[in-house]
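Visitor: Please take a close look at a single part of this structure, and then lead me on from there to the other places that deserve attention.

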Amino acid sequence: MKYLNEYRDLEATKRYLQRIRETVTKPWNIMEVCGGQTHGLIKNGIIDLLPEQVRMIHGPGCPVCVTPLTLIDKAIALMEQGVIVCSFGDMIRVPGSKKSLLEAKAEGGDLRILYSPLEAVSIARVNPDREVVFFAVGFETTAPANALSVLQAEKEGLSNYSILVSHVLVPPAMEAILDDEFCTIDAFLGAGNVCAIMGTAEYHPLSKKYKVPVVVTGFEPLDLVQGIYMAVSQLEEKRAVVENQYVRIVKDEGNLAAKKVISRVFEVADRDWRGIGTIPKSGYKLRENYSAFDAELKYGVASIGAKEHSSCIAGEILKGIKKPHQCPEFGKGCDPSNPLGAPMVSSEGACAAYYHFSETL
Amino acid sequence: MKDNNLSKSTINLGHGSGGVMTRELLDEVIFKTFNNPFLNTRHDGAILDLSGEVAISTDSFVVSPIFFKGGNIGSLAVHGTVNDVAMCGAIPQYLSLSFIVEEGMEMKDFISVVRSVKEAADESGVQVVTGDTKVVERGKGDQIFINTTGIGRVHPKANISMARVKPGDKIILSGPLAQHGMAIMSQREGLEFESDIVSDSTNLNYLVRDLLDQFGEKIHLFRDPTRGGLSGVLSEIAADTGREVEIYEKDIPLDTQVAAACEILGLDPLYVANEGLFVVIISPEIEEEVVSMLRASEKGRKACCIGTISDREVPKVVLHSNIGGKRIVSPLIGEQLPRIC
């Protein structure tokens, strides 16, 4: 596979691991922001190959994990009203306050698992007598396609299509983590996929304000070890700037067309993060002129609320304060077939990644 | 009714009523296709002459879409059960064949499926000796479900069981991973993508027989990684033997297109279904001979030794990654779910 195999090369990866070992002189805590990076680190066994001084902390960048419990309950309420709810795959097993989307499907709800929100628009088109809602979760990465689905539905005059929005943004989350009194993070691996859309500009003020290196990093083994090497080098050299490891994908200005679509449909708003709480200006909501596509308003489910399972420490996991295996419920009261919180469900979730791939059990 | 007219019709509830229409369907499609002494007695069941150790296995097939690149639900229903009998170290001989057909299925599709059953059974050297056809109302099935049960005599040299898996044993995989699952995915409604990925669905009984002929007791275990994929089979071996199963990512054969499709869809090939693939656990001294024997055959030409049963008493599957790291391979929980981003 061209453009993938090159970044999975054993010798090149070894060289960077060696450079990390030669560069590091003291312990550093580096947070990989994106769940895809967590997955890549653990799936490839990279964590065990790093020198002891380099400690990877798994960040909040798993969209499934940070989607609030109440949103899942709202999606289930829509299914119970007879609405066709369309969702990305790994959302469907996440427990809501009473059940998951998958359990609601088994009870007779109409749930469709899709790869693209545009497929949901097609479902709305061919089912004019049914209501169709796309569960629009995710970071900046999924926002353009979700926005595009709204524009497409508007263009086609589909009044039976709407979206249940739970979009969140990376930079405010990083800032919230840095502001936490227990924060021990020395550097970030920035989410390469998010920056492919949004560019790198937002990270400069953050890096400057908190004097923290941010290395925008990809997802393949070589990307990850090179990103870690760049972060360690900055730390050892007492530098704190934004660097781009993922130059083959990420441009400083991002993807202008995608950004345009996002800003046409969405505006920045306060958002609840599962396990973390409300972070100001940390997500998107539909703009006023697209409120007809807001499923929460359309079906009157905005007031649904719920409380998290008390023994789940997802918040501390997502902020990097605790590792999954430090949770008393890990592998005992909570595992992927019976998860208490979202990080145990999503393949990008730190708890599930530890459960599936690492030797800590 | 002649075959020509019949093939233009549609299955309706009458075809499962037990009356004239059922008889017509059986005469024109089933008996005509299979035409063997067991079925021709038209008895309620088959009388078989079996002696010694006998293996029996049953499976139901509900694949959707029913026609896919490399086969259809009919050939799959034969291969799946034939292979399960073979995995017991047996030579499959007889099959039962039950259809649950949904009202509205086109007769020509039903006939194609039945013909595929016949072709696959002939290729596998098994005879369909008894069967049943039921028709359910529209909406209560998904075109067609098939159940097959296979029976065969255990190979005289076979001594296959989990208890025989020992530390130091080698793990051989007979071909590339994930072909069937990804062929199905590429044609599933709403997910169609262009590829040349063909299901690996095939009968493995002759390969199994040849291995047993040649190596007898040095073969310790056969398993076919169908649903749940390779990870499922290896996790079972680790759990049942209480030993660590070590595998090497670099040695696991994987077709480039399948690997690419898995990347695009966010799926791990270790968890994807196979239908023409087996894992065989063997004494280490016959590793090279087994691999070269498999590679000399069309169905095993990409066979590889992918790992070892370790002497560590830890019931886990550990994968050595291409870049020199290690990770645990755990069994699948629920269905494999594509990731958001």
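Guide: B:Asn35 lies in the loop between helix 2 (20-34) and helix 3 (37-40) of chain B; helices here (H or I, at least four residues) and strands (E, at least two) are DSSP runs, numbered from the N terminus. This is a predicted model, in which local features need pLDDT of at least 70 and side-chain atom pairs count only at pLDDT 80 or more, while totals for chains, interfaces and linings use all residues. Residues are numbered from 1 along each chain as its sequence is written, chains are lettered from A and ligands numbered from 1 in the order in which they are written, and side-chain values use heavy atoms, with hydrogens and water left out.

The phi of B:Asn35 is near 30°, a positive value in a residue other than glycine. B:Asn35 is exposed, at a relative accessible area of 53%; buried means under 20% relative accessible area, exposed over 50%, and partly exposed in between, with a 1.4 Å probe and protein chains only. In chain A, A:Lys211 also has a positive phi without being glycine, near 50°. A:Lys211 sits in the loop between helix 10 (203-210) and strand 8 (214-217) of chain A, and is exposed, with a relative accessible area of 67%.

A further loop residue, A:Gly320, is found between helix 14 (314-318) and helix 15 (350-357) of chain A. A:Gly320 counts as buried, at 12% relative accessibility. Leaving aside neighbours within four places in sequence, A:Gly320 is in contact (heavy atoms within 4.5 Å) with A:Met31, A:Ile57 and A:His58. From A:Gly320 to A:Asn29 the C-alpha to C-alpha distance is 9.7 Å, although 291 residues separate them in sequence.

Returning to chain B, the peptide bond from B:Ser64 to B:Pro65 is cis, with omega near 5°. B:Pro65 belongs to the loop between strand 1 (54-61) and strand 2 (67-68) of chain B.

Helix 4 of chain B (residues 73-87) has 15 residues and reaches 21 Å from its first C-alpha to its last, close to the 21 Å expected at 1.5 Å a residue; the expected span is 1.5 Å times one less than the number of residues. Helix 4 of chain B is mostly covered, with 15 of its 15 residues buried. Just after helix 4 of chain B, B:Gly89 takes a positive phi of about 80°.

Finally, the two chains meet in a contact that takes 28 residues from chain B and 38 residues from chain A. About 2,900 Å² is buried between chain B and chain A, and carbon and sulfur atoms give 61% of this; buried area is the accessible area (1.4 Å probe) that two parts lose on being put together, summed over both. The side chains of A:Arg8 and B:Glu263 form a salt bridge at 2.6 Å, N to O, the term denoting a side-chain nitrogen of Lys or Arg within 4 Å of a carboxyl oxygen of Asp or Glu. Helix 9 (256-265) and strand 13 (326-329) of chain B each supply at least two residues of the side of chain B that touches chain A. The largest share of that side, five residues, comes from helix 9 of chain B.
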